[in-house]
Amino acid sequence: MVSFNIAAQEPIPTKKIAINVVDMPLSDVLSEIATKGNLRFSYNPRKIPVDQKITYSASKSVKEILDDIMNLIDLEYAYVEKQIIIKARKKERKKDKDQNITLRGFIKDKNNGEALIGATVSIKQLGIGTASNPYGFYSLTIPKGTYDIAYSFIGFEEIRKQVEVNQFTNLSVEMEESPPVLEEVVVSAISAQDIGDVQMSKAKIQPKTVTEMPALFGEMDVVKSLEFIPGIKSHSDGSTFYYVRGGNRDQNLLIIDGAPIYNSSHMLGVFSTIIPDAVNSIDIYKGDMPASMGGRLSSVVDVRTKKGNDKKFQAWGNTGLISSKIGLEGPILKNKSSYLMSGRLSHIKWIVQRQNENIQDLYFYDLTGKVNFKFSPKDQLYFSTYTGADSFFEQNSGIKWTNVAGTLQWNHLFSDRIFLNTTMSASAYDYFLHTDRSNNTQWKSHISNFNIKGDFTYFIKPENILSFGTGFNTHNFNPGNLTTDNPNVQPPVVSTNNSLEAVIYGSHEVKLNEHWGVKYGVRLSSWNNNGPSFEFKFDENHNVIDTTYYNKNEDQGRYTYLEPRLGISYLPNDKSSVNISYSRNVQNVHLITNSISPFTSLEVWLPSSNNIKPQIADQVALGYNHYVHNLGLMFKVEGYYKEMQNQIEYEPHAKTLLNPLVEGELRFGKAKAYGVEFTLKKELGRLRGWIGYTYSRAKRTFDEINNGKTYNSFYDRPHEVNLVLGYDLSLRFKLGVNWTYYTGSPYSSPIGFYTYNGLETPIYGEKNNSRLPDYHRMDVSATYKLNKNPNKKYRHDLTLSIFNFYGRKNTLFINYNKTETADGEFKIPTNLLQNERVTSQYFLYRFTPSISYNFYFQ
């Protein structure tokens, strides 16, 4: 609230003043009246047009002047407790439904026609607003009248329009990106959209931010950028594995245009599969997912690709030390349909072969494509596809894995207020372990998914939105079987599985008044497996006591769960909010791996079954947001507590590869996680970025592990600090800095050794009884634009990145089986009994520079 305080105050009618203003903003006019009339005004600057220019001249009583100005811009005032309160004039609403009119349209980027997801539309006279959906669509149902409508989006010029709404109005707008400037920019009210959002535990990363961040070997990486978000922890250097709020890595769902990607890594986890230049938006939900999303306990990362420039042709690309990429996009029919194609191919093979001549094949690639067609003002069709693969072969053996995904989406407007998105998607992940190429001996695991889903959104009123839908998923699992042309090899057979999942959901978001909002919903999921397959039954000692065979389409059992969601927000003022939420999530696909190495893509997936119950998580979160308008800063703090049931651990030395009895190697227990996350963020200006701090704990309890005692999980790192900064030195030269620190990960260290048959064997105490040294690292980058004229059709730049700028030795593993030689080297001795053992630490990257060249043509 804004107020002007004057020492002396008089009742409104008794004071006569003279006012003479020309094109003066309303806020300044009120300030002048307050000064001359010895008055105090109080109003909400977000709900009245404080920037509207006023031309007025009179010498009258204060009351008469206020009456004139209020009628001029359709406001009203009241004299309460020695202050004048100004607010938007209440509209007289008739019972006739025709008095409410729907204003709707699409918000797009003027340069390329891309949807601006999450752009805000606000009407100050009514004090209401809404945000565009993932396709840029918005809908507002309002009384008849003339309104000042503002369209805002981070990094784009605000659009203001005065619109007379007396019948249905289709108002689509195209916004221009803000030109680069060197003076500081104060973030507009769009950043404060988070203040009124009931949805909690959500983070958003702009693709442009990813491209500005320093990167290992210059490979800009969407997945690795997640590690700088409070509440998300990376595995270690050289890994794309991540953990969210105390959950395991398989409890995170990554979707591209609605299709799940089961393995998002290249080069054994060094790089991820997503090209940021082809991405439109990245939304991260940390446990509190919308009712339309689910299937994982800890997070959903929703990546939406660009649809392609529907106005003009453009090309972009990059080449660096490890790979090169190129993208092409343009219109098929201008403003109606477009295409996008992008690809990346590694050229690391020649580098590695210099060190190892036995390498025969080493590469990875990504291909992304998308086309869209607008058939009518109410119908639009999108088709997108992704494929990626890795291959590494040394002489007669090697590994290979592939990801394939495709999505067909149809948007349809049933009416001005009912929006439907129908999605049909499919994805598959295959892993091949070749042990003998001469006789085609290979181990293969597989998981695939086909999904059809309908999502409805009913914009009842700006403060009343109903979402509902249904979906069906089929899954196919091959946990890993060996095939060979060698007749002397008879491998065991591991059962494959087929599963069907049906989901129905509904969610209702209501703004009760200017202070309170609520969002509640429920997701009903039903999961069942069907044959052909076979299943083992185990006793309490995990010994097989029976085998059941299922015929084709025979039902193996069913799990049905309700997953409620509830969120409540309270806005004490227009700059602050308090939120609380509860959510339950259920997971029916499980990653089976007992490796904690960051260098693995060997993954076995199994469905929920009679031996593996669905994993369940209940999370409660409490948050506070505060927006500092004059500095453009958003401060967030969010605490959470999460309990998880039916968590999976493994028998010591469990065999998960080519084991038909793998379910007997599993142990089940519970876990809990809690923490608090702080973020201070500035999105625009010469200096931009964020700083975050997280305090969190993650603990697990299993009756048959660690003697039933609770222990810290691998990703239990109590303290973590993240810093991401970008700074424009000039219009052509910018710098980027990342810095991260976190407590070392727990691991199990031996507490002693004993000799048995001439061999020395470690003795282990409690699980995860030690910690690795604390981790910290700084990355820096510098980008120089080679064009003096930024408006040229061909633009290019050079980026220098340095990973681990000060060369910190961050420990990845600790070895207990080595000795130190006279020259300071560490080796495994031939006789451990005659040598003094020392611990040695293994680390990956120290000071690692790289350079990349980027180009853009349009």
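Student: In which loop is Gly118 found?

Tutor: This is a predicted model, so read each value as computed from it. Gly118 is found in the loop between strand E7 (100–109) and strand E8 (120–123).

Student: What does Gly118 contact, leaving aside its neighbours within four places in sequence?

Tutor: Ala131, Ser132, Asn133 and Phe153. Take Asn133. It is 15 residues from Gly118 along the chain, and their C-alpha atoms are separated by 6.1 Å.

Student: On to cores. Which residues have the most contacts inside the largest nonpolar core?

Tutor: A nonpolar core is a set of buried nonpolar residues joined through side-chain atoms. The largest one here has 25 residues, and Leu26, Ile33, Phe41, Tyr56, Ile69 and Ile86 have the most contacts inside it. At least two of its residues come from each of these elements: strand E2 (16–25), helix H1 (26–37), strand E3 (41–43), strand E4 (53–61), helix H2 (62–72) and strand E6 (83–88). A second, separate core has 23 residues, including Tyr429, Val589, Ile612 and Ala654.

Student: What about nonpolar residues on the surface? Which strands each supply at least two residues of the nonpolar patch?

Tutor: Strand E34 (516–530), strand E37 (555–573), strand E38 (576–587) and strand E41 (615–628). Among the patch members are Trp516, Leu566, Ile580 and Tyr624, and the patch has about 940 Å² of accessible area together. Leu566 has its place in strand E37. Its relative accessible area is 38%, so Leu566 is partly exposed.

Student: How many bridges join E53 to strand E57?

Tutor: There are 10, and E53 and E57 (residues 848–857) run antiparallel. Phe803 has Thr848 in E57 as its bridge partner. E53 (residues 794–803) is also joined to strand E52 (residues 775–785) by 6 bridges, again antiparallel. There, Thr783 has Thr799 in E53 as its bridge partner.

Student: Last topic: backbone angles. What should I expect?

Tutor: Most residues other than glycine have a negative phi, and most peptide bonds are trans.

Student: Which residues does the cis peptide bond join?

Tutor: Gly531 and Pro532, with omega about 10°. Pro532 lies in the loop between E34 and strand E35 (533–538).

Student: What is phi for Asn553, and where is this residue found?

Tutor: Phi of Asn553 is near 65°, a positive value. The residue is found in the loop between strand E36 (544–550) and E37. Asn553 is exposed, with a relative accessible area of 60%.

Student: Is Asn768 buried or exposed?

Tutor: Buried means under 20% relative accessible area. Asn768 has 14%, so it counts as buried. Its phi is positive, near 50°. Asn768 is found in the loop between strand E50 (759–764) and strand E51 (770–771).

Note on methods: Residues numbered from 1 in each chain as written. Predicted model: local features only at pLDDT ≥ 70, side-chain atom pairs only at ≥ 80, totals over all residues. Heavy atoms only, no water. Patch = residues over 30% accessible without salt bridge, like charges linked within 9 Å, V, L, I, M, F, W, Y side chains within 5 Å. Areas by Shrake-Rupley, 256 points an atom, 1.4 Å probe, with all protein chains shown as cover. Salt bridge = Lys/Arg side-chain N within 4 Å of Asp/Glu carboxyl O. Helix = DSSP H or I, 4+ residues; strand = E, 2+ residues; numbered from the N terminus. Buried < 20%, exposed > 50% of the residue type's maximum accessible area, 1.4 Å probe, protein only. Pairing = 2+ DSSP bridges. Core = buried A, V, L, I, M, F, W, Y, C linked by side-chain atoms within 4.5 Å. Contact = heavy atoms within 4.5 Å.
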